[in-house]
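Hi,

Here is the structure I promised to pass along. My notes on it follow below.

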Amino acid sequence: MTEETIKQILKFRDDRDWKQFHNPKDLAISISLEAAELLEVFQWSGTDVSNEGKQEKIKEELADVLNYCVLMADACGLDIDEIVQEKIKVNNEKYPVSKSKGKKEKYNKL
């Protein structure tokens with residue numbers, strides 16, 4: 001996500017004076033709710049795990065999740081690039097290629 005996109009998300013919020021409502025608890029709830037709406041796209045799909053015919057709804061719900069994540073990072077004073085890079089480093093240590101390549105098991109089961 002570019003810095004310009006992040007600025008647009010924050011500007012949208014600020015233009016409406018919504019920052020006053022964006023505390024970490026409510027933003028975390030909103031992220032969870034929007035993620036549930038993304039999951040709903042696949043509800044009752046049985047063995048159908050593809051995104052065929054679902055792309056528009058997936059885009060809409062995923063954008064909502066990402067927007068709320070940007071707002072959450074801002075509310076908590078976190079740099080998105082920094083926290084993602086830190087998590088990649090942790091995941092690289094937990095899931096070394098030599099042990100995890102092609103496997104779905106959690107790190108403590110490798």
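Which side chain does Lys57 meet in a salt bridge? That would be Glu61, at 2.8 Å from N to O (a salt bridge being a side-chain nitrogen of Lys or Arg within 4 Å of a carboxyl oxygen of Asp or Glu). Both residues lie in helix α3, 4 residues apart, about one turn of the helix (helices are DSSP runs of H or I, at least four residues, numbered from the N terminus). Glu61 is buried at 1% relative accessibility, whereas Lys57 is partly exposed at 39% (buried is under 20% relative accessible area, exposed over 50%, partly exposed in between, with a 1.4 Å probe and protein chains only).

Before you read on: this is a predicted model, where local features need pLDDT of at least 70, side-chain atom pairs count only at pLDDT 80 or more, and totals for chains, interfaces and linings use all residues. Residues are numbered from 1 along each chain as its sequence is written, and side-chain values use heavy atoms, with hydrogens and water left out.

The salt bridge count comes to 8. One of them joins Asp15 to Lys11, with the closest N and O atoms 2.6 Å apart; this pair sits in α1. Arg13, Asp14 and Asp74 are linked in a network.

Cheers

Technical notes
Helix = DSSP H or I, 4+ residues; strand = E, 2+ residues; numbered from the N terminus.
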